[in-house]
Amino acid sequence: MTTRTINQKEIEFDDEGFMTNHLDWDLEIAQAIAVDDGVPELTDRHIVVLEFMRQEFAEKGTGPSIRRLTKESGVPTKELYALFPNGPAKKAARIAGIKKPVGCI
Amino acid sequence: MNPEKITKVSIIISKGSLDGIYPGLIMANGARMEGIEANIFFTFFGLYGILKDYQNKIKIATVGNPAMRVPTAKGFPLPTILGAIPGMSAFATSMMQKEMEALDIPPIGEFIEMISDAGGHLYACKATVDMFHLSTSDFVPQMEKVLTVGDFYEMAAGGQIIFT
């Protein structure tokens, strides 16, 4: 567990870099995590993905599978991989401030 | 000690039953999800996974599968003679497909598209293509190239090879 101060807020992360409380999240925090994770600038399309993941997490307690994400958010697979290079599932979850995804798909 | 991360996998799919094809697809897709480079080499009956007229007709074997239980995974072992009844394999397959859909595991055709869109590469084995008298037009468009075994090793260089 580590704590970082982002935008004058104390944010807690687990050992794998996922936020422990998704309610602490805001866009500035997302931007700070994104920069560390190799996504220098969050665009509107990134935010579509992040919002969808957060909504799923709030409803179900876990982030969506990539299949559901691409089918329902309107961001196709190719674009998703381009938006979050080198491992979109974990990276998008980390930036969205939700816990590590549990599914295999 | 921090073990070195896996950066590349080349997965060989050699069997044409549902349980022969899916594990390789799930592993390849999972690799891409983690940012790991992924190649799939389809050989022998595994080739049916990328043959456009057949890939969505893949079934579970209900004969010759001593682990097969009905009606659920903790049910009774399915006797070989019952597994041989016409329609049994199709029935078992449709049961399993329902379970998979609930877990968001796509049908084979959609899965292949997903892996390809995710940057995974799909190849067919030349020896099998020749043996089965197939041509490029028999395959789904995601199949990039027919490879000899030598080409495969060259492509797999620097990564792990997984045979399924």
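Predicted model: local features only at pLDDT ≥ 70, side-chain atom pairs only at ≥ 80, totals over all residues.
**Exercise 1. Determine whether strands β1 and β2 of chain A run parallel or antiparallel, and describe how they are connected.**

*Solution.* Step one: locate the strands. In chain A, β1 covers residues 2–6 and β2 covers residues 9–13.
Step two: examine the pairing. The two strands run antiparallel and are joined by five bridges. Within this pairing, A:Thr2 has A:Phe13 of β2(A) as its bridge partner.
Step three: examine the connection. Two residues lie between β1(A) and β2(A), which form a hairpin. In the turn, A:Asn7 has a positive phi of about 55 degrees.

**Exercise 2. Explain why the buried residues of helix α3(A) lie on the same side of the helix, and identify what they pack against.**

*Solution.* Step one: find the buried residues. Helix α3 of chain A comprises residues 66–73, and A:Ile66, A:Leu69 and A:Thr70 are buried there. A residue counts as buried if 20 or more other C-beta atoms lie within 10 Å of its own.
Step two: consider their directions. Around the axis these residues cover an arc of only 90 degrees, and therefore they are on the same side of α3(A).
Step three: identify the partners. The buried residues of α3(A) pack against α2 (44–60), α4 (77–83) and α5 (88–96) of chain A, together with α1 (18–33) of chain B.
Step four: look just beyond the helix. Directly after α3(A), A:Gly74 has a positive phi of about 85 degrees.

**Exercise 3. Describe the open sheet of chain B and name its edge strands.**

*Solution.* Step one: the sheet has five strands in the order β6-β5-β2-β1-β7, with parallel pairing.
Step two: β6 (143–147) and β7 (160–163) of chain B are the edge strands, each pairing on one side only.
Step three: direction ignored, neighbouring strands of this sheet are turned by 25 degrees against each other on average.
Step four: consider one pair. Strand β5(B), residues 121–125, pairs with β6(B) in the parallel sense over four bridges. Opposite B:Tyr123 stands B:Lys145 in β6(B).

Conventions: Residues numbered from 1 in each chain as written. Chains lettered and ligands numbered in written order. Pairing = 2+ DSSP bridges. Axes fitted to C-alpha atoms, helices over the stretch in contact; angles between N-to-C directions. Buried ≥ 20, exposed ≤ 12 C-beta atoms within 10 Å, placed from the backbone. Arc of directions from axis to C-beta. Contact = placed C-beta atoms within 7 Å.
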